[in-house]
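Welcome! Take a look at it first, and then read on.

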Amino acid sequence: MKINRTEFLIRKGQFADTEEFEQVLEEVYTAIRAVHWPPGNNQFILRQENKKHKNGVKPIKESCITVLDEQFGWQREKRMKIITNARPGPVDAVKTLSNDRQFVVEWETGNVSSSHRALNKIAIGLLQRAIVGGLLIVPSREMYQWLTDRIGNFPEIEPYFPLWRAVPVEEGILAVIEVEHDRTSPSVQRIEKGTDGRALR
């Protein structure tokens with residue numbers, strides 16, 4: 001899988017310039033690039049098909065999170081007390097850093113409203129100093145058309161970036177990573193919604 005770009009909405013304070021953050025970012029990039037399809041391939045090829053039969057999304061996320069977990073020691077599906085007086089759903093992956101600081105990763109598998117919630121959750125975590133940073137991974141417009149209908153994607157949330165850039169934090173990272181398939185083919189197996197994510201590596 002390709003990484004098109006990383007858009008930093010917030011990149012402030014000492015942590016943003018540390019080797020520890022660079023290591024976090026490299027681990028995430030490595031996990032994204034490790035997502036391959038079909039099994040045994042060294043690329044990520046999406047099935048090109050009509051609108052009624054699109055590729056599933058959650059197995060793609062699971063493949064990336066599995067690499068973070070098994071190769072780099074991230075914790076998956078961890079519920080965090082980020083928002084006061086609320087119980088938001090668990091984040092996809094958490095890395096515990098020095099001084100018990102935590103960094104989170106979310107991979108979008110819902111609609112654009114889900115993307116907004118994920119970024120808001122990270123932003124509040126930064127405001128409350130519950131986390132030191134977070135990344136949201138979303139598909140490009142080109143990739144979006146071959147995935148489950150209405151999946152959150154980079155172009156749809158980009159107009160709202162000024163809002164998150166204005167969050168008044170002194171230290172922390174908030175970024176969106178746009179990912180994309182290597183190519184499409186009408187002959188590869190479709191990624192079903194129930195496919196085991198491990199098979200994507």
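The lining of the largest pocket is made up of seven nonpolar residues, one polar residue and five charged ones. Please keep in mind that this is a predicted model. The points below start with that pocket and then turn to salt bridges and the backbone.

**The largest pocket**
- The space in the largest pocket comes to about 260 Å³.
- There are 13 residues lining this pocket, and those closest to its centre are Leu126, Arg129, Ile131, Val132 and Glu171.

- In total, the structure has 17 salt bridges.
- One of them pairs Glu178 with Arg5, with 2.9 Å between the closest N and O atoms.
- These partners sit 173 residues apart: Glu178 belongs to strand E7 (residues 172-180), while Arg5 belongs to strand E1 (residues 2-12).
- Is Glu178 buried or exposed? Glu178 counts as buried because its relative accessibility is 6%, which is under the 20% cut-off.
- Arg5, at 33% relative accessibility, counts as partly exposed.

- Glu49 is partly exposed, and its relative accessible area is 24%.
- Another salt bridge joins the side chains of Arg76 and Asp69, at 3.4 Å from N to O.
- Both of these residues are partly exposed: Arg76 has 29% relative accessibility, and Asp69 has a relative accessible area of 30%.
- Which residues does the network of salt bridges link? Its members are Lys61, Glu62, Asp69, Arg76, Glu77 and Asp92.

**Backbone features to look for**
- Most residues other than glycine have a negative phi, and most peptide bonds are trans, so exceptions are worth a look.
- Trp37 and Pro38 are joined by a cis peptide bond, with omega at about 0°.
- You can find Pro38 in the loop between helix H1 (19-33) and strand E2 (45-47).
- Glu77, a member of the salt-bridge network, has a positive phi, near 50°.
- Glu77 lies in strand E3 (residues 75-78) and is partly exposed, with 41% relative accessible area.
- Asp100 has a positive phi too, near 60°.
- Where is Asp100 placed? Asp100 is in the loop between strand E4 (91-96) and strand E5 (102-107).
- Asp100 counts as exposed because its relative accessibility is 66%, over the 50% cut-off.

Note on methods
Residues are numbered from 1 along each chain as its sequence is written. This is a predicted model: local features need pLDDT of at least 70, side-chain atom pairs count only at pLDDT 80 or more; totals for chains, interfaces and linings use all residues. Side-chain values use heavy atoms; hydrogens and water are left out. Helices (H or I, at least four residues) and strands (E, at least two) are DSSP runs, numbered from the N terminus. Buried means under 20% relative accessible area, exposed over 50%, partly exposed in between (1.4 Å probe, protein chains only). On a 1 Å grid over the protein atoms alone, a cavity is a set of points where a 1.4 Å probe fits but cannot get out, and a pocket is an open set with protein on both sides within 12 Å along at least five of seven lines; lining residues have an atom within 4 Å of a point. Grid points are joined across faces, edges and corners, and a volume is the space filled by probe spheres set on the points. Ala, Val, Leu, Ile, Met, Phe, Trp, Tyr, Cys and Pro count as nonpolar, Asp, Glu, Lys and Arg as charged, and the others, Gly among them, as polar. A salt bridge is a side-chain nitrogen of Lys or Arg within 4 Å of a carboxyl oxygen of Asp or Glu.
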